[in-house]
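Please open the model in a viewer and keep the sequence panel at hand.

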Amino acid sequence: MVGNLEKKMLFSKEALNNKEKLLEIEEVELDFQRKISETLEKFESDPSKIILALQALQNVLGYLPKEAIIKAAEKMGVPISHAYGVATFYHQFRLKPIGRHTVYFCFGTACHLKGAESIYNAFLKAANINNDENTSKDGRFTIHKVRCFGACSMAPIVKIDNDIYGKVTPSEIRKIISKYK
Amino acid sequence: MSIIAYLRSENEKLPKELFYEYEYRIMVGISTCSLTKRAEEIKKIIEKDLIDKKMDAKLAIVGCNGMCYSEVLVEVARINGPNILYTNINPENAHLILDHFINYISNNQSLFQSKIQIKELKDEPFYALQERRILEYVGRIDPYSLNEYLMIGGYEGLKKALSMSPEGVINEVLSSGLRGRGGAGFPTGKKWKFAYESKSDQKYAICNADEGDPGAFMNRLTAEGSPFMIIEGLTIMGYAIGANKGYIFVRAEKPLMAERLETAITLAKKKGFLGENIMNSNFSFDIEVILSAGAFVCGEETAMIAAIEGKRAMPRPRPPYPASKGLWNKPTCINNVETLAHVSLILKNGSNWFSQVGSEKSKGTKVFCLTGSIAKSGAVEVPLGTTIRKLIFDIGGGSSNGSIIKAVQIGGPSGGCIPSKYFDYELDYESLQSLGAIMGSGGLVVLTESNCMVDVAKYFLTFTSAESCGKCTPCRIGLTKMLNKLIEITNGKGRIEDIDYLINISRVIIDSSLCALGQTAPNPILTTIKYFKEEYLEHIIEKKCRAKVCTSLLKYEIDQEKCKKCMVCVKNCPNKAIEIEEGEIIFINQDKCIKCGTCRIVCPFNAIKVS
């Protein structure tokens, strides 16, 4: 079973009691398994390509569930500890399920000086996210702090999915996030 | 902001080939910076306008020319006619461009006087004071077109290199005096020579496009605007050191750069500029793009090699240097994007041409990124040895809000803060080192009186302590200890002996860390203590932050004379700290105030005082 615990975070208790939802979860589960094996099929067994394999899996699944890391390690011929070590070392990898939209806050030097922190706080408030969690309860947003997109002249920068916003002010945040359901 | 249209001078005319068979060439700048300003939409508007007007025009996507402060940029040129660069374009005014250009040609521009100001580009200091070499065509050619790169003389460098011996190429680079543009400034030719002299059946050439320095984006800008120039440079390096396999290690946060480099590789392979028997020579070379999974420490050569090998990016002790034992223990040579761009031009124009400009020990030009509180923020290419003053005042237009510039931070988390009294120093590798900073990749962050130097030091330590790979103790633990001290100081809990503590621990970290990340991480702290000790002392003794940045040291109060009792602050305070006394006076309960600053932002009458 793929990351059951993690799945529970996505669906509320009421939903779990609901038969239809249970079936849906089963489908999601099978879908995950299928996506993992399909993605790994494209790779030849090569220990040096473990990072690329994990990147590909994350692109498909949105994050790296335990099952994906184990399967990738087996396929690429590295110990599971090595794959897990890599997945936890690099910033790009996420081990928890993500919301419908991923939000990146740039915390580079220029953005820091131009008030990245206040944008970040305004967003937490507007999207109802606690400081220590990185996904909102309704599964709408997952937030990440990143280091520099290299668009420093447009600081501060916020990127939501593939849309990039520059010179963002705290008062604009509500308007920007209303576009993302 | 109204459109400013810059007329290019005669000597900046585009080569005729770039017009193909068309009368006009229209160039829309699409890069990471302009995408924040809806550049894609603007392109569509112009596309439609072209069809409506039935204009005989070639529409090209180009990179950013460095004038990031006036995005979006659109350039229109007519064969044998004028060439105008339009700035500050947005989806609302984009429809004016073509009309203006047509009317300009027919001398009928009075129609647009209120909306479009026309100036000569040679009168714009931001542009005119540059020495644009690697950036010459960045923002004017299509990064997705190998043909356009060839039209501006691309691949002539490689052609020349292939007609020379590898030693000849290395000597050319050596005599140019080119030094690595990504960090400490090691002579590129020497690096190549070491790799060339290592005997092995397999060698590797790597382009570092990881650009992890926050505040630096010249590599992104160059590679997004002219990716073939980087590929050409890497191919020349491969030929010189005897490698037939190259890698470009690109940062995952810069996906557009990766996409353009990848497309360029595919096109170059198709046309025989990569692959077997390049340009009908005996030399074969292939390049693969590796997407970095994100770790600042990858800027360290041995860490990057570990990452390409599929491991955690942890550096290892040197020697052996990568030139003898690098990727998979084979001789490996690593240069960054900007260095390789220069290589292409050195081979094309000769080492003498390259070393015509620059300072005595640092030859050639360098791209600097001007960011922070500066009026004209962007990327500029100037000869090494240019003064900081010229860069930030003459070219960058001084501070963005009229406040006094007190320092520049250069070199990212490994660099230092240089106070205004040294602004007449010439920027080169040696002078920066003598001031306690480093060139790094050339990010220049302008700091004014509204920036707190202790906060800046804390910011960089937050960065480096989080990015420390954890392998060696001085860096892993030392940086955390230093960060904790700085947090205490900015929270008003600092002690006078903390300053000596920070200096001592810095020396230990510099002397005993394994790689350059740790060895240079104390630089921002040491330089701020050296040049701005009074700010540290104020935080420690007076519990005061003069820039009003360190929130724990601030006290928010309501100016009763200005307060109109509108209650906006009361409603917006997240901690219900603003209270009403006898239905009359509104005041902030200091015990409850969390110093978030919300009241100050929302107050319509400017009645919140900060002290």
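In chain A, in which helix is confidence lowest, and where is it highest? Helix α1 (residues 4-10) of chain A has the lowest confidence, at a mean of 51, while α6(A) has the highest, at 96. For chain A the mean pLDDT is 86, and 89% of its residues reach 70 or more.

This is a predicted model, in which local features need pLDDT of at least 70 and side-chain atom pairs count only at pLDDT 80 or more, whereas totals for chains, interfaces and linings use all residues. Residues are numbered from 1 along each chain as its sequence is written, and chains are lettered from A and ligands numbered from 1 in the order in which they are written.

Next, display chain A as a cartoon. Its secondary structure comprises nine helices and four strands; helices (H or I, at least four residues) and strands (E, at least two) are DSSP runs, numbered from the N terminus. Of the 181 residues in chain A, 37% are buried, that is, 20 or more other C-beta atoms lie within 10 Å of their own, with C-beta atoms placed from the backbone (12 or fewer: exposed; in between: partly exposed).

Now select the contact between the chains. Chain A supplies 33 residues and chain B 36 residues, a contact being two residues whose C-beta atoms, placed from the backbone, lie within 7 Å. On the side of chain A that touches chain B, two or more residues come from each of α4 (50-61), α6 (80-89), α7 (109-113) and β4 (163-165) of chain A. The most are given by α7(A), with four residues.

Move to chain B and select domain 3 (365-448); its bounds come from an automatic or database domain assignment. The centres of domain 3 and domain 5 of chain B, taken over C-alpha atoms, are separated by 39 Å.

Finally, select strand β15 (residues 443-448) of chain B, where six of six residues are buried. Gly443(B), Val445(B) and Leu447(B) lie on one side, and Leu444(B), Val446(B) and Thr448(B) on the other. Strand β11 (residues 365-372) of chain B runs parallel to β15(B), joined by four bridges; strands pair if DSSP finds at least two bridges between them. Here Leu370(B) stands opposite Leu444(B). Strand β13 (residues 405-410) of chain B pairs with β15(B) in the antiparallel sense over five bridges, and Val408(B) has Val446(B) as its bridge partner.

Methods
pLDDT = per-residue confidence, 0-100.
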